[in-house]
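Visitor: I am new to this structure. Please take me through a close look at a single part, and then show me what surrounds it.

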Amino acid sequence: MYMLDVYQMNEEFQNGSDIYDHVIRPLLKTWSPPTVLSPIKDTIVVFQPNHIPSLFGCATFPLTALLETIWEMYSNTLVGGAVIDPCIIEFTAMVEQVLNFSHTGNPMEVSTWESWSSDRNYGQWIRTHGSSRRSQELTYSKEHYEVYFDDVKHLVYAKVLHEIEPALEGDDRHACRVAKDRQTALGQWLDEDYPLSYAGPLTYLLRAIVDTNDGNTVLQLTSSHLGNKPISFFIDNVIKQSTNNLPQCQPPFIAGGNFLAVMCITIEEMKRCVGWDSIQGKDVDSFVSEAISHVCESLKINHIPWTANLMLDRGNHSSTIVHNVWLNLGATGAPKPAPSASFLMRQESIQVAALNSLAQVQLSDSHGDWSASEVRLNNFASVLHKVVLPIEWNTDLASLSCSSQHTTDIYNYIDMHKFCFVHGHRHIFI
């Protein structure tokens with residue numbers, strides 16, 4: 001096989017005539033001896049008209065067969081709200097790019113590709129970017145969780161713009177002025193780094209969403225029928241929807257957004273990473289929950305758009321997120337457990353694991369040190385076997401300087417006889 005790089009030739013020789021005269025003809029002369037020409041005749045095929053397409057069809061058959069297999073495997077999952085694994089999208093894009101390269105010979109096809117085959121109805125996977133670039137953005141972006149900001153911003157921008165466009169194009173000056181004010185506030189909100197936080201972003205959001213032209217002078221977000229919820233409510237729903245066998249775009253995910261696809265891959269990757277450290281069982285779920293909670297706190301997610309409030313009509317409640325109903329995440333949640341070893345760096349993780357092991361040993365030992373302040377009342381039975389006083393029992397820590405001698409004697413008596421007591425206002429329980 002001979003390979004000729006035309007671009008390495010002088011520009012004046014980069015044409016068919018010179019290539020034939022200076023390359024093809026000299027080769028033919030070297031093949032003229034009978035001992036060379038005879039084997040070549042047995043294997044060479046002279047192209048005839050319409051043979052090139054057949055050649056491409058033969059050479060690219062493995063690629064087209066693979067694409068057909070992928071389509072047969074995943075076409076049944078293309079239902080409303082379903083999310084296809086971005087890894088499959090990326091792999092399909094790679095095969096399509098190689099197929100395009102085979103037909104065009106253009107190496108640019110390997111790095112960029114702008115459209116899926118329209119006759120295959122691949123759904124709304126790709127919009128304006130090449131599929132490979134889009135999938136890389138979804139899968140490998142260092143700002144995975146900020147994709148949710150993009151979804152929320154796109155939702156609010158599209159809906160508010162739809163509301164104010166008639167006024168902007170109309171003849172009512174007052175309505176036009178109000179619409180322009182909303183448009184300005186919308187632009188300021190879109191520029192915010194933490195659009196779901198309080199302070200500045202919330203004021204811009206209120207001015208953009210609330211239409212004061214209809215006599216509404218109260219600038220406040222319409223609250224969801226669910227009332228206030230803790231941030232754990234948001235996190236639990238994100239994890240639940242992202243780990244279903246067939247993820248569907250249910251709240252808090254926004255229809256047409258990318259956050260669900262990103263979270264499916266992100267959570268799977270987090271679980272795979274913690275598996276390297278031999279973390280198993282509930283610690284894996286705890287790691288994922290704590291990681292997302294940490295990100296939500298860092299990104300100051302205080303409220304999120306939610307579904308429309310319940311109506312009196314029959315039927316299931318809509319699962320479509322709207323821009324003018326918001327769920328506040330400021331409610332007090334359950335007390336957070338101590339940081340698990342799985343969420344810390346490796347050295348810190350080992351230290352926490354050792355401390356937890358030590359605490360379990362001390363708790364089971366009747367002579368082991370224990371702290372009364374760390375034992376909840378509903379769990380006090382776990383220390384009833386202790387024969388030593390808690391570490392808080394220390395006369396050096398008691399306020400006895402202004403007490404009577406009788407009170408001091410009581411402390412010393414209890415310490416001597418290893419009694420435990422709970423001291424309340426005006427009462428001592430022994």
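Guide: What follows starts with the salt bridges and then moves out to other parts of the chain.

This is a predicted model, in which local features need pLDDT of at least 70 and side-chain atom pairs count only at pLDDT 80 or more, while totals for chains, interfaces and linings use all residues. Residues are numbered from 1 along each chain as its sequence is written, and side-chain values use heavy atoms, with hydrogens and water left out.

Begin with the charged pairs. Side chains of opposite charge can pair when their charged atoms come close. A salt bridge here is a side-chain nitrogen of Lys or Arg within 4 Å of a carboxyl oxygen of Asp or Glu. The whole structure has three salt bridges.

Take glutamate 163 and arginine 182. Their side chains form a salt bridge, at 2.7 Å from N to O. The pair links distant parts of the chain. Glutamate 163 sits in helix 8, and arginine 182 sits in helix 9 (residues 173–190), 19 residues apart. Helices are DSSP runs of H or I with at least four residues, strands are runs of E with at least two, and both are numbered from the N terminus.

Next comes burial. Buried means under 20% relative accessible area, exposed means over 50%, and partly exposed lies in between, using a 1.4 Å probe and protein chains only. Glutamate 163 has 36% relative accessibility, so it counts as partly exposed. Arginine 182 has 4%, so it counts as buried.

Arginine 182 has another partner. The side chain of aspartate 211 meets it in a salt bridge of 3.9 Å, N to O. This pair also links distant parts of the chain, 29 residues apart. Aspartate 211 lies in the loop between helix 10 (200–209) and helix 11 (231–242). At 28% relative accessibility, aspartate 211 counts as partly exposed.

Now the remaining pair. Glutamate 269 and arginine 272 form a salt bridge, with their closest N and O atoms 2.4 Å apart. Both lie in helix 12 (residues 259–276), three residues apart, about one turn of the helix. Glutamate 269 is partly exposed at 33% relative accessibility. Arginine 272 is partly exposed too, at 42%. Salt bridges that share partners join Glu163, Arg182 and Asp211 into one network.

Stay with helix 8 a moment. Aspartate 151 lies in this helix, which covers residues 147–169. Aspartate 151 is buried, with a relative accessible area of 8%. What does aspartate 151 touch, not counting residues up to four places away in sequence? Its contacts (heavy atoms within 4.5 Å) are Ile254, Gly257, Asn258 and Phe259. A polar atom of the aspartate 151 side chain lies 3.1 Å from the backbone nitrogen of asparagine 258.

The loop between helix 11 and helix 12 holds proline 252. Most residues other than glycine have a negative phi, and most peptide bonds are trans. Proline 251 and proline 252 are joined by a cis peptide bond, with omega about 10°. Lysine 300 is not a glycine, yet its phi is positive, about 55°. Lysine 300 lies in the loop between helix 13 (282–298) and strand 1. Its relative accessible area is 43%, so lysine 300 is partly exposed.

Five of the five residues of strand 1 (residues 303–307) are buried, so it is largely enclosed by the rest of the structure. Strand 1 runs antiparallel to strand 2 (residues 321–328), and four bridges join them. Two strands pair if DSSP finds at least two bridges between them. Isoleucine 304 has leucine 327 in strand 2 as its bridge partner.

Glycine 333 lies in the loop between strand 2 and helix 14 (346–364). Glycine 333 is partly exposed, at 35% relative accessible area. Its C-alpha atom is 6.9 Å from that of serine 232, 101 residues apart along the chain.

Last, the whole chain. It has 15 helices and four strands. Buried residues make up 31% of its 430 residues. Among contacts with a separation of 6 or more, 54% join residues 24 or more positions apart.

Terms used: A polar contact is a pair of N or O atoms within 3.5 Å; within protein, one must be able to donate a hydrogen and the other to accept it, and residues adjacent in sequence count only if both atoms are side-chain atoms.
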